[in-house]
Amino acid sequence: MAGAAAVDVPAPAAANGGACCHAAKGPGYATPLEAMEKGPREKLIYVTCVYNGTGINKPDYLATVDLDPNSPTYSQVIHRLPVTHIGDELHHSGWNSCSSCHGDPSAERRFLILPSLLSGRVYVVDTATDPRAPSLHKVVQAEDIAEKTGLGFPHTSHCLASGDIMISCLGDKEGNAAGNGFLLLDSEFNVKGRWEKPGHSPLFGYDFWYQPRHKTMISSTWGAPAAFRTGFNLQHVQDGLYGRHLHVYDWPGGELKQTLDLGDTGLLPLEVRFLHDPSKDTGYVGCALTSNMVRFFKTADGSWSHEVAIDVKPLKVRNWILPEMPGLITDFVISLDDRYLYLVNWLHGDIRQYNIEDPAKPVLAGQVWVGGLLQKGSDVFYGDDLVKKGSHMLQIDVDTEKGGLAINPNFFVDFSKEPDGPALAHEMRYPGGDCTSDIWI
């Protein structure tokens, strides 16, 4: 679960975001292109760091890393904010307010939302008072969430133009997938209820992305918490405890309109993103186990369909748990100009850049290797002792004109040397927003 090494794959130029075009200015930028062209380069990044499951009996924490090459603490963790409990398992994070609120001058990107996958708590962190040393603002308790909504296992958080915060939850408090759905918090982080209409819960939960101009939200399906919280077991896939579907919802109404069965080429669909241009009616989902990027798109009759856009072939191996090793696509990002898609093959160990100017026909434009089980000395990144050695964080420099990737030799954060012991670094967030935190309306 929370063991993926953190790899910084920055979007071109700035990593900020923006929203609808209004004279008044709230957080972010009016358009994705404006964010890319006018946003300043970030000097800090926030990284969720996990101790749960490592044998170190300490709370997970939020690390602040210095990204400024002119700073004396460049490429170092300069602050650590521990959460209040042990065993939370921080995964993803999101903002209280982002580019979807750009037209609201009263909105401010101030609080980072940290859902805790296993405990069910949601931490709210103040990053504005001192961006270099964030502080804990509020804890939304799991008991409060479960009592008012029946939800547990919170994962992905997105801010809404209304000021509310929406969080996907992967099950009920007992870990049953049948109880999953979407939690709403108000602007003061009080539990407001569930977003989806009664009886319209997805089969499984994980990630989601909304595209208001097409009145659509699409969510992906990982698996049942009762299965994944004890570690991945391939038999559970065959037993139907993991997903292979996308769910298409009416936005903002919360009615489940369509379920797309991705079949055997779409096992464990995880991260899901629309193109940033809010007028576009297409996007991608990364299917981890089958290592495919599946493109979803609206058809002429208004329904949604899908096709495999990128197929990472498994490799024949020896001395592994299976005769063939999948790439295991764990995450991907889309550049703010919708020209490039970047994906990570967690097991193979490569990062890829694809030109998606024709979204149906991605073209490989860059590739760099950063470890993986195929490389000599791979235990640094992906071996069985990852938990003991902790994660590393890299910066990948991107040629945004012609394509191409290269490891920045000057940036390297070694989470094996953390004060309380080796930590597992997970998702990252720029203070000004980035290409997976901000949605344009």
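In what order do the four strands of the open sheet that includes β23 stand, and is the pairing parallel or antiparallel? Select β23 to β26 to see the answer: the order is β23-β24-β25-β26, and the pairing is antiparallel.

Before going further, note that this is a predicted model, in which local features need pLDDT of at least 70, side-chain atom pairs count only at pLDDT 80 or more, and totals for chains, interfaces and linings use all residues. Residues are numbered from 1 along each chain as its sequence is written, and side-chain values use heavy atoms, with hydrogens and water left out.

**First stop: the sheet from β23 to β26**

Strands here are DSSP runs of E with at least two residues, helices are runs of H or I with at least four residues, and both are numbered from the N terminus; two strands pair if DSSP finds at least two bridges between them. Colour β23 (329-334) and β26 (363-369), the edge strands, each of which pairs on one side only. From one strand to the next the twist averages 20°, where axes are lines fitted to C-alpha atoms and angles run from 0 to 180 degrees between N-to-C directions. Now select β24 (residues 340-345), which pairs with β23 in the antiparallel sense over five bridges, and look for Phe332 opposite Leu343 in β24.

**Second stop: a nonpolar patch**

Show Leu315, Trp369 and Leu374, which make a nonpolar surface patch of about 250 Å². Such a patch takes residues with over 30% relative accessible area and no salt bridge, and joins nonpolar side chains within 5 Å; a salt bridge is a side-chain nitrogen of Lys or Arg within 4 Å of a carboxyl oxygen of Asp or Glu, and areas come from the Shrake-Rupley method with a 1.4 Å probe. Leu374 lies in the loop between β26 and α5 (386-389).

Select the open sheet of four strands in the order β17-β18-β19-β20, where the pairing is antiparallel. β17 (269-274) and β20 (304-311) each have a single partner strand, so one side of each is left without a neighbour in the sheet. Strand β19 (residues 292-298) runs antiparallel to β20 and is joined to β20 by seven bridges, and Phe296 stands opposite His306 in β20.

**Last stop: helix α2**

In α2 (residues 142-149), show Ala142, Ile145, Ala146 and Thr149, which are buried, meaning under 20% relative accessible area, whereas exposed means over 50%. Why do the buried residues of α2 line one face of the helix? Seen down the axis, they fall within an arc of 100°, so they line one face, the arc being that of the directions from the helix axis to the C-beta atoms. The face turned away from this buried side carries the exposed residues Glu143, Glu147 and Lys148.

Conventions. Patch = residues over 30% accessible without salt bridge, like charges linked within 9 Å, V, L, I, M, F, W, Y side chains within 5 Å. Buried < 20%, exposed > 50% of the residue type's maximum accessible area, 1.4 Å probe, protein only.
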